[in-house]
Amino acid sequence: MTSASARKTDGISPHLEDLQARAVGAYLGLAVGDALGATVEFMTPREIELKHGKHRDITGGGWLKLKAGQITDDTQMSLALGSALLNVGGVKATAIAEAFDDWLKSKPVDVGSTVRRGIVRYRNQGTTQGPVDEYDAGNGAVMRVLPMALFTIGAPGIQVRRACEVQAHITHNAPLADDGMLTVVEMVQCALLQPQCSYKDAVQMAHTLGRIHKSYIFTKKRQENPSGFLPDTLRAVFQSFARTDNFESALIDVVNRGGDADTTGAILGMIAGAQYGKDAIPARWLKTLDADVKTHCEAQALRLLKRSPLVTGEALKFYD
């Protein structure tokens, strides 16, 4: 696959203010999607309807018994990844793995089993790439990929893919998941680069993934109760993105499908946040979101974008 940035940026300088607003929108979208979906994670649509009617506000609770506005591993790992990229000034596997290990040592409220296994493997063996395993095609590497999408925008597609796989393979090394992850990154970067790359272009990227891997094909039949298996997750995300025309409707649609709702909310939040921008995120959600998390997301989004090849004009740096 070729990154949206590589296809769309030749000779084009997107208006920086709009680019920044969309980058911040993507990061805040990730966080509010995480916080909104966490309340109904692992519930079925019927259970959500019986308990909440239509779940549309960030209220906390859920199986993790969160405070209103509290986020989970989706946002926490994203912030850890972003910090590693900024501290090094480039892509370095050991720095990213160390950041993930520090996060795990902080005793987070939720940790996926594949994520935990990969981090512990790094801690014990020093390896930053697990063996290829299609059973690792979960959504854990995609939920945290947004910092890489911001940091690599403007780089050639082959470098975007390499950078994203560096962070993914610490915990998840499955070609099926790699391609899904790259499509999400392409969609985010496409949304950031409007109007050179359009909403229709982003939706087409999702359909193209389905032509490459049938498991990602999404139809009009509603994907409900999506699991942590990435094709299940992304079919729900893509359906909600394609069938709505604003941030709030998209997020409400996807989290009310239940299942792994904090992660479907987080992934759709980053795509829709980039598509519609910060101002499209409901004020009530931003007001409820943990204030420190909100500040951290906004600041990191701007710092990552500022260091990207698109803004600096410099090549993406990789370190052994």
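Begin by selecting Gly138, Ala141, Val142, Ala168, His172, Ala177, Asp178 and Met181, the residues that line the largest cavity. A cavity is found on a 1 Å grid over the protein atoms alone, as a set of points where a 1.4 Å probe fits but cannot get out, and a lining residue has an atom within 4 Å of a point. Rolling a probe the size of a water molecule over the atoms shows where empty space is left. The space in the largest cavity is about 30 Å³, where grid points are joined across faces, edges and corners and a volume is the space filled by probe spheres set on the points. By this rule, one cavity of 30 Å³ or more is counted.

This is a predicted model, in which local features need pLDDT of at least 70 and side-chain atom pairs count only at pLDDT 80 or more, while totals for chains, interfaces and linings use all residues. Residues are numbered from 1 along each chain as its sequence is written, and side-chain values use heavy atoms, with hydrogens and water left out.

Helices (H or I, at least four residues) and strands (E, at least two) are DSSP runs, numbered from the N terminus.

While helix α9 is on the screen, select glutamine 189, which has its place in that helix. Is glutamine 189 buried or exposed? Glutamine 189 counts as buried because its relative accessibility is 0%, where buried means under 20% relative accessible area, exposed over 50%, and partly exposed in between (1.4 Å probe, protein chains only). If you draw a distance from its C-alpha atom to that of glutamine 70, which is 119 residues away along the chain, the separation is 27 Å.

Follow the chain onward to proline 195, in the loop between α9 and α10 (199–212). The peptide bond that leads from glutamine 194 into proline 195 is cis, with omega near 0 degrees.

Now turn to the largest pocket, which has a volume of about 350 Å³. A pocket, unlike a cavity, is an open set of points, with protein on both sides within 12 Å along at least five of seven lines. It is lined by 24 residues, and those closest to its centre are Gly112, Ser113, Asn139, Gly228 and Asp260. The elements that give two or more residues to this lining are α6 (113–125) and α13 (261–276), and α6 has the largest share, three residues. Sorted by class, the pocket lining has eight nonpolar, nine polar and seven charged residues.

Two loop residues come next. Phenylalanine 42 is in the loop between α2 (16–38) and α3, and has a positive phi of about 70 degrees although it is not a glycine. With a relative accessible area of 52%, phenylalanine 42 is exposed. Lysine 107, in the loop between α5 (93–105) and α6, has a positive phi of about 60 degrees and is likewise not a glycine. At 74% relative accessibility, lysine 107 counts as exposed.

Select glycine 60, in the loop between α3 (45–52) and α4 (73–88). Which residues does glycine 60 touch, not counting those up to four places away in sequence? They are Thr39, Leu66, Lys67 and Ala68, where contact means heavy atoms within 4.5 Å. Glycine 60 is buried, with a relative accessible area of 7%.

Buried residues make up 59% of the 320 residues, and among contacts between residues at least 6 apart in sequence, 76% join residues at least 24 apart.

Definitions and conventions:
Nonpolar A, V, L, I, M, F, W, Y, C, P; charged D, E, K, R; others polar.
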